[in-house]
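Please look over the structure shown below, with attention to its charged side chains. The briefing that follows takes them up by topic.

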Amino acid sequence: MKKVTLTLGMLTALASTQTLALDQINAVHAFPPSLIYTQSFLEFVDKVNERGEGVVQINVRGGPEVIGLSEQPDAVRNGVVDMAYTAASFYAGTVPERDAMVASNTNAIFARENGGIDLLNEIHQEKMGTYYLGWFDSGVSYNFYTIDEPTIDDEGNLNVSGLRLRSNPVYDAFFQDYLGAQPISLPTTDVYAALERGVVNATGWTQIGLKDLNWDRFLNYRVDPAFFSTDMGVIVNLDKWNQLSEESQQILQKVAIEHERDSAEQLAELAKEQQAELEADGMQVITLEGEAAQRFSDAARDATWERMRGQMERHPMGLEHYDTLIEKFNDL
């Protein structure tokens, strides 16, 4: 038998062929690495890279310092980057159905099992040219936080007059249409300085991450009840998704579904821990009672559903999935 000797050039060519066979995905994330949500995404990346060794690799390019958080969805849509971990609220004009997640009273485990996330994926593909891989860090609610003690009116409702309220697209329908506020829209990265300088003295935020952002240095009060759910997820450029090998797709989807469950369960516990830590550090809780509390909770949900309806009506698909989305993203 003739002995075959592999030269250095042959080995290099072989290694190059193996490298080309590996599916490479470039990714960005919406928030700085210090934030718990980004850390969750990076955990997902590690899981994929470990499970997909030799098959598929996610290369994280960075966060908002690389591509601005509001620009990341279009960057994925246009193929500038393959993947983004981002809030669906940043592309609400394109996929208004994202409000089903915002107004949800449950999490990704529920919505995955009943087909809600699959439906949302179909809508993303049709309207945005992206593949919705997974709803991560779901089920974490929001609260209203203030520097000064909030005012409660004679009927027990939160009075926002005089508040310089920071907002972003996820809150606007609730803050404007129900609370009657005229909020100041600021990206997450600008809020610390705005609180420090007194540009704003109130904000909404999730039950996790206030300390990571150091906003707890300024915010002294939390208003209960909580409202909304986080809408963080991973989108992939659809052309890129279709170019991946079937094995790569299977690995990505399987790990994403596992991470949906793991992150929902872990963050539910973490939310309780972090809220307790904030209270131990002196944060005071103002709790709306009785009918006022119910009005507050209902208004957050109803204002968001109404926004979804209005925006969906302006799209060619119309209200085709409106009722189904509400059903699949709420444990009614």
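**Charged side chains in a predicted model**

Arg-261 is partly exposed, with 35% relative accessible area.

Helix α11
- Helix α11 covers residues 246-280, and because its 35 residues at 1.5 Å a residue should span 51 Å, the 50 Å between its end C-alpha atoms agrees with expectation.
- Just after α11, Gly-282 adopts a positive phi of about 115°.

- Arg-261 pairs with Glu-265 in a salt bridge whose closest N and O atoms are 3.8 Å apart, and since the two are four residues apart in the helix, about one helical turn separates them.

- Glu-260 and Arg-112 form a salt bridge at 2.9 Å, N to O, which links helix α11 to helix α5 (residues 108-113) across 148 residues of the chain.
- Both side chains belong to buried residues, Glu-260 at 1% relative accessible area and Arg-112 at 15%.
- Glu-279 forms a salt bridge with Arg-222 at 3.1 Å, connecting α11 with strand β11 (residues 221-227), 57 residues apart.
- In this pair Glu-279 is partly exposed at 38%, whereas Arg-222 is buried at 5%.

Surface patch
- Glu-43, Asp-46, Glu-50 and Glu-53 gather in a patch of negative charge on the surface.
- Glu-53 lies in the loop between α2 (36-51) and β2 (56-62), and it counts as exposed because its relative accessibility is 67%, over the 50% cut-off.

Methods:
Residues numbered from 1 in each chain as written. Predicted model: local features only at pLDDT ≥ 70, side-chain atom pairs only at ≥ 80, totals over all residues. Heavy atoms only, no water. Patch = residues over 30% accessible without salt bridge, like charges linked within 9 Å, V, L, I, M, F, W, Y side chains within 5 Å. Areas by Shrake-Rupley, 256 points an atom, 1.4 Å probe, with all protein chains shown as cover. Salt bridge = Lys/Arg side-chain N within 4 Å of Asp/Glu carboxyl O. Lys, Arg positive; Asp, Glu negative; His and termini not counted. Charge placed at Lys NZ, Arg CZ, Asp CG, Glu CD. Buried < 20%, exposed > 50% of the residue type's maximum accessible area, 1.4 Å probe, protein only. Expected span 1.5 Å × (residues − 1).
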